[in-house]
Amino acid sequence: MSVIERHHNSFKLHRNAANVLKPSPSISHLLSLRQPQVPGGDGSGSTSGTCEEHESSWIIKPLTDERAYKHIKLANQLEAIVVSDPSCHSAAAALCVAAGQLDDPGEVQGLAHFLEHMLFLGTHKFPEESNFDEICGKSAGYSNAWTSLDHTMYHFIVSHDRLEQVLERFAAFFSCPLFSESGTEREMNAVDSEHNKNLKDDDRRENQLLRSTCSSDHSMSRFGGGNLETLLEDPKKAGINVREKLLQFHERFYSANAMRLAVIGKEPVDKLEELVTSFFSDVPNRQNVPLRDWISSVPYDASWKRSFYISPISGSHAACKLFLLSPDQVTERRRLAMFFPIPPIQPFYKTKPAQLISHLIGHEGPGSLLAVLKELGYASELSAGPVRRRGGEEEGAGAGAGKRGTGGGNLRS
Ligand SMILES: [Zn+2]
């Protein structure tokens, strides 16, 4: 059961110890702030009311929710949600920018990911390169970031009493990044090392295989991680100044109106709002960044099934593809994966049709697909579900055993 409360544009959410430590609220939740929060619209119960005005101030929450929430929109159009939980031991923040690998210029592939790395290398306000990571570490926390196809996420978690100090430094990433010349080439090497590490990762290899076989005129077909070849050597040969490209990318895409922020701390919501307003109001609103909807062009077409070495499933989806990963891969595993490109499902986030299908295929009870395969000795685990491709990993919502998480840890990805 849930209720909607509205108290001067603030609301409460439930207390959940696990959530206190969760550094990044789900992207879909952040994005859903843009949607009218129609009472009862998600079928989870409601009170009566209208949300035609100030629609973003409504939220549907369980009765047991005890956290206080507040949604705010700064003058520069940056939207944030602040969460107060007096019982939390850790504070955290996450900021999502609607720009990612699909926005890379074709001549500098991996630029969005490279920019993600560069933001951690000092700001005009706090120019020391190691400043941010050091402070997070000394505050019993860590920071991380990842670059996905269509967004880039930055987050940190620290001891609750260090939120203000760290949040100010975090905000400077987006208001006054340094992008020092000296750091540029050095960080290219860091990205290259990351790429070399990823070469041993079958999931990433599979991901690049999928991307490389997309329509060649679609940006999905590019290499999003970047390495020294794409970030340094090829551009140099072509007479391209990568740092200039970096600044142009930032100028074009890192705009306050294309960012969403979430902050959780012990302080009251009004204090959290004060911090966010104070630190993030300087983030420039370039206004030339239309918020990305979803990938409207289709990167896969019927040619996909003919362009590859594994035969498609007959009579199924035109672009269905079957991958057989042989045991001589990097890891000793046998995995069969089938991918069916489907239209964007974000508009259906309230009804989740893909998750329903995933549940049916991924079910593991008696009579399930996995049960039959196990009985025949053909499979030991099975997962099914819609995936969004992020940097090189799958992100999201599967059913059944063996689904992969969304990463974490201290390595920037
Ligand atoms: Zn990285």
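V263 is in contact with A80, V82, V83, A93, L167, L272 and V276, leaving aside residues up to four places away in sequence; contact here is defined by C-beta atoms, placed from the backbone, that lie within 7 Å of each other. The model is predicted, so local features need pLDDT of at least 70, side-chain atom pairs count only at pLDDT 80 or more, and totals for chains, interfaces and linings use all residues. Residues are numbered from 1 along each chain as its sequence is written.

V263 also belongs to the largest nonpolar core, which has 67 residues; along with A93, M259 and L261, V263 touches the most other members. Helix α5 (residues 163-175) gives the most to this core, with eight residues. A second, separate core has five residues, among them L149, C214, M220 and Y300. A nonpolar core is a set of buried Ala, Val, Leu, Ile, Met, Phe, Trp, Tyr and Cys residues joined through C-beta atoms within 7 Å. Buried means that 20 or more other C-beta atoms lie within 10 Å of a residue's own, with C-beta atoms placed from the backbone.

Helices (H or I, at least four residues) and strands (E, at least two) are DSSP runs, numbered from the N terminus. In strand β5 (residues 79-84), five of the six residues are buried. Strand β9 (residues 259-265) runs parallel to β5, joined by six bridges; strands pair if DSSP finds at least two bridges between them. V83 has I264 as its bridge partner in β9, and Y69 also stands opposite V83. Strand β4 (residues 67-73) pairs with β5 in the antiparallel sense, again over six bridges.

Note on methods:
Buried ≥ 20, exposed ≤ 12 C-beta atoms within 10 Å, placed from the backbone. Contact = placed C-beta atoms within 7 Å.
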